[in-house]
Amino acid sequence: MAGAGVACGSPELTGAVGPGRARAAAMSSVASYESLVHAVSGAVGSMTAMTVFFPLDTARLRLQVDEKRKSKTTPAVLLEIIKEEGLLAPYRGWFPVISSLCCSNFVYFYTFNSLKALWVKGQHSTTGKDLVLGVVAGVVNVLLTTPLWVVNTRLKLQGAKFRNEDIVPTNYRGIIDAFHQIVRDEGVLALWNGTFPSLLLVFNPAIQFMFYEGFKRKLLKKQLQLTSLDAFVIGAIAKAVATTLTYPLQTVQSILRFGHHRLNPENRTLGSLRNVLYLLQQRVRRFGLMGLYKGLEAKLLQTVLTAALMFLVYEKLTAATFTVMGLKHLHRH
């Protein structure tokens, strides 16, 4: 892409350090710049999409965490929330979620594209490589950003009217106060509640990216670039597949991040394999096998639309940025 232009059009650099090293240095610098563009575009795309479809995420979280809620459909849950808690209640916790999402997607897109630049080195990637890169990027992302997601899950559910008496209410004044109270009352490790299922769930974005990149490669063999509709549709399909395959673990992850169920009190090391299996078993015992998929409709509606819009914004933003970068580069040389 722009890498060849930088390597071939820098005679001063070439003369100083030799063509091989110059090309390597230039490629390295462009790769890191490209990764930054991908990361910023991914973060902006996800923030835009999540803001548009945020009420659907609110409905999904209530269905996952509040097991005794009788309403089963997304519109019914949203109407209940608005009626009981006010018109703006579906947007409760918007800022911490958007902040966490911005950081999370920046880390994921940067890691994924940096590793891809190092491993693929200008060649066409493969489905297997995309899956491996997705898993590694997911692990890095989980370890760095889980504390943000624990805090935002609690803030998002604070003040909610639950049907489940097992849920202990919280009282946080904001992001910083939530961090402070969690560390003070539950210890530092509580900030990584749900890390184990989150690490298992790195397959969700990995599967999503594997399908997305695979569809994208097939389309780009027939056309020069993706249209808005292409990006939206393949983003939606990729996310639908990934979400359906990993949804039971996502439910456990939400419960563990919330951390205020009076379940399994003898074992407070939340996030262990024992707790994951315990919560899955409890879910099946109470609601049957389909209980593992409670809230899937809301989750699919929200994540599929959000991912589709995110990939659309991401593709358009990266394409526009690289076009501008290319024009500036040509102008400079």
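I shall go through the overall fold, the helices, the salt bridges, the cysteines and one surface patch.

A word on the basis of the presentation. This is a predicted model, in which local features need pLDDT of at least 70 and side-chain atom pairs count only at pLDDT 80 or more, while totals for chains, interfaces and linings use all residues. Residues are numbered from 1 along each chain as its sequence is written, and side-chain values use heavy atoms, with hydrogens and water left out.

I begin with the fold. The protein has twelve helices and zero strands; here helices (H or I, at least four residues) and strands (E, at least two) are DSSP runs, numbered from the N terminus. Of the 333 residues, 51% are buried. By buried I mean under 20% relative accessible area, by exposed over 50%, and by partly exposed anything in between, with a 1.4 Å probe and protein chains only.

The UniProt record, in an unreviewed entry, places the feature "transmembrane region" at residues 93-111 and 131-151. UniProt positions are given in the numbering used here, feature names are shortened, and annotations may be inferred rather than shown by experiment. What does the model show over these stretches? Over residues 93-111 the chain is 95% helix and 0% strand, with the end C-alpha atoms 27 Å apart. Over residues 131-151 the chain is 100% helix and 0% strand, and there the end C-alpha atoms are 29 Å apart.

Let us turn to helix α9, residues 203-222. Several residues of α9 are buried, among them N204, F209, Y212, E213 and R217.

Side chains of opposite charge can pair when their charged atoms come close. The rule applied here asks for a side-chain nitrogen of Lys or Arg within 4 Å of a carboxyl oxygen of Asp or Glu, and by this rule the count comes to ten salt bridges. In one of them, the side chains of R217 and D130 meet at 2.8 Å, N to O. Because R217 lies in helix α9 and D130 in helix α6 (residues 127-157), the pair ties together parts that are 87 residues apart in sequence. Both R217 and D130 are buried. The two also belong to a network of salt bridges that links K116, D130, E213 and R217.

Two further salt bridges deserve mention. R60 and D57 meet at 2.4 Å, N to O, and both are buried. They lie in helix α3, three residues apart, about one turn of the helix. An α-helix has 3.6 residues a turn, so residues three or four places apart point the same way. In the other salt bridge, E85 and R92 meet at 2.8 Å, N to O. E85 is buried, with a relative accessible area of 16%, whereas R92, at 21%, counts as partly exposed.

Next, the cysteines. How many disulfides does a search of the whole structure find? The search finds zero, a disulfide being a pair of cysteine sulfur atoms within 2.5 Å. The sulfur of C102 is 5.5 Å from the closest cysteine sulfur, in C103, and that is too far for a bond. C102 is partly exposed at 26% relative accessibility, and C103 is partly exposed with a relative accessible area of 36%.

I come now to the surface. Y33, L36, V40, V44, F106 and Y110 form a nonpolar patch with about 460 Å² of accessible area together. Patches are made of residues with over 30% relative accessible area and no salt bridge; like charges are joined within 9 Å, and nonpolar side chains (Val, Leu, Ile, Met, Phe, Trp, Tyr) within 5 Å. Accessible areas come from the Shrake-Rupley method with a 1.4 Å probe, and for residues only the protein chains shown count as cover. Which helix gives the most to the nonpolar patch? It is α3, with four residues; α3 (19-65) and α5 (94-120) each supply at least two. Y33, which lies in α3, is partly exposed, with a relative accessible area of 39%.

Finally, I255 sits in helix α10, residues 228-258, and is buried, with a relative accessible area of 6%. I255 and N193 are 62 residues apart in sequence and 9.4 Å apart in space, C-alpha to C-alpha.
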